[in-house]
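Colleague: Thanks for making time today! Could you open the model so that we can go through it together?

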Amino acid sequence: MIPPKPTPWESAQWRAEMRGAFRSSQDLLDHLGTTLKNIDTRPEFPVMVPRPFAARIEPGNPGDPILRQVIATSTERETVPGFVVDPLEESAVETPGLLQKYAGRVLLVTTGACAVHCRYCFRRHFPYDAHREHKLDSAITAIEQDRTVREVILSGGDPLVLADTAMSDLFERLGRIDHVERLRLHTRLPVVIPSRITQALMDAIAAFPGAVSVVIHVNHPAELDDDTHRALNCLRATGAMLFNQAVLLKGVNNNPDVQVALAEKLFQQGVIPYYLHLPDRVAGTSHFFVDTDESLQLHQEITEHLPGYLVPRLVREIPGEKSKIVVTDAPRLIASERTGAL
Ligand SMILES: *Cc1c(COP(=O)(O)O)cnc(C)c1O
Ligand code: SF4
């Protein structure tokens with residue numbers, strides 16, 4: 001197999017693709033020639049679907065696994081006991097824009113904006129206004145002052161929504177902090193708008209003095225095509241390590257064949273599956289929920305069909321724990337369930 005050449009895109013294209021995204025469920029359905037009865041025309045969390053991503057949705061198929069991730073339906077308005085606005089208790093933080101839950105690494109919220117609005121998102125209710133870009137200075141100062149921070153994780157929203165100049169400026173500032181050895185980017189952009197990968201972005205990543213990893217977010221193999229392959233090759237050409245995190249979603253990827261195909265296609269495009277997250281109990285997302293028993297069974301099946309290096313860790317986040325909980329680590333999970341944390 002000869003992979004596509006790591007040729008980046010011109011910088012004007014991705015901006016145009018951000019502006020041209022579908023912003024209504026009906027426009028998207030009309031474009032696809034698909035009929036769905038229960039769409040929500042005024043959802044609380046607005047619709048946003050860039051055209052390169054929409055192009056991978058099968059026209060006329062109301063059950064398409066990509067469509068299901070991005071279309072707003074009236075089921076989001078149902079209130080279900082136990083599904084709450086902030087299940088991970090992220091709103092209460094000391095330094096705005098900085099989330100430190102785990103030793104040695106901090107999550108830096110760079111922007112509240114994303115290039116796609118995923119209906120299941122656990123940050124769909126996040127108070128981004130309290131974490132605006134102008135707070136970046138105080139967050140960087142806090143990182144400078146805390147010598148235990150060895151890894152900075154740029155998150156959001158989606159950090160790659162920032163312009164190339166802002167990106168490289170931020171990378172330079174973080175690169176000057178001696179104790180920051182690693183930089184990690186959590187982003188869905190290389191997949192939803194592959195043209196985001198410009199020469200300037202590649203240069204900024206390559207110039208970072210420490211080790212860089214990029215964690216993309218793909219839930220279904222249909223999200224990957226020749227353009228994502230080209231974008232991911234560009235990222236790999238910078239020397240960055242590429243990982244994927246997915247969320248286990250009912251009606252999208254809660255099927256062992258889909259998970260196996262996803263892992264294999266990711267690897268073909270140069271990406272190692274990292275985490276498979278159990279969905280959090282977020283208000284408005286109960287229709288995606290998969291319970292622990294079903295998840296364990298599915299994970300067992302994929303483990304039997306894949307080499308170990310392609311099996312993602314099945315994880316759940318529990319507030320107050322010192323890491324994400326690996327669900328297959330049964331004793332720890334059961335202990336947590338007993339204390340009523342789940
Ligand atoms: C998931 C997460 C991390 C990263 O955890 P890893 O196990 O290192 O991938 C860091 N900070 C926060 C707040 C997180 O939610
Ligand atoms: S890209 Fe990430 S943060 Fe943005 S809506 Fe999707 S899951 Fe949420």
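Colleague: Which residue of β3 does Val 106 stand opposite?

Modeller: First a word on conventions: this is a predicted model, where local features need pLDDT of at least 70, side-chain atom pairs count only at pLDDT 80 or more, and totals for chains, interfaces and linings use all residues. Residues are numbered from 1 along each chain as its sequence is written, chains are lettered from A and ligands numbered from 1 in the order in which they are written, and side-chain values use heavy atoms, with hydrogens and water left out. β2 and β3 run parallel and are joined by 5 bridges; strands here are DSSP runs (E, at least two residues), helices are H or I runs of at least four, and both are numbered from the N terminus. Opposite Val 106 stands Val 152.

Colleague: And on the β1 side, which residue of β2 is the bridge partner of Leu 99?

Modeller: β1 and β2 run antiparallel, joined by 3 bridges; two strands pair if DSSP finds at least two bridges between them. Their hairpin has 2 residues between the strands, and Gly 104 there takes a positive phi near 85°. The partner of Leu 99 is Leu 107.

Colleague: What are the edge strands of the sheet?

Modeller: The sheet is open, has mixed pairing, and its 9 strands follow the order β1-β2-β3-β4-β5-β6-β7-β8-β9. An edge strand pairs on one side only, and that holds for β1 (98-102) and β9 (325-326).

Colleague: At the β9 end, what is the bridge partner of Val 315?

Modeller: Strand β8 covers residues 313-316 and pairs with β9 in the antiparallel sense, over 2 bridges. The partner of Val 315 in β9 is Val 326.

Colleague: Which strands does α6 touch as it packs on the sheet?

Modeller: The direction of α6 makes about 160° with that of β3; axes are lines fitted to C-alpha atoms, for helices over the stretch in contact, and angles run from 0 to 180 degrees between N-to-C directions. Contact means heavy atoms within 4.5 Å. The strands touched by α6 are β2, β3 and β4.

Colleague: Why do the buried residues of α8 lie on the same side of the helix?

Modeller: In α8 (residues 199-207), the buried residues are Leu 201, Met 202, Ala 204 and Ile 205; buried means under 20% relative accessible area, exposed over 50%, and partly exposed in between, with a 1.4 Å probe and protein chains only. They pack against α6, β4, β5 and α9.

Colleague: How many nonpolar residues are in the shell around ligand 2?

Modeller: The shell consists of Cys 114, Val 116, Cys 118, Cys 121, Arg 188 and His 217, each with a heavy atom within 4 Å of the ligand. Ala, Val, Leu, Ile, Met, Phe, Trp, Tyr, Cys and Pro count as nonpolar, Asp, Glu, Lys and Arg as charged, and the others, Gly among them, as polar. The shell has 1 charged residue and 1 polar one, and its nonpolar residues number 4.

Colleague: How far apart in space are Arg 68 and Gly 251?

Modeller: Arg 68 lies in helix α4 (residues 65-70) and is partly exposed, at 27% relative accessible area. Leaving out residues up to four places away in sequence, Arg 68 touches several residues, including Arg 119, Gly 251 and Phe 288. Arg 68 and Gly 251 are 183 residues apart in sequence, yet their C-alpha to C-alpha distance is 7.7 Å.
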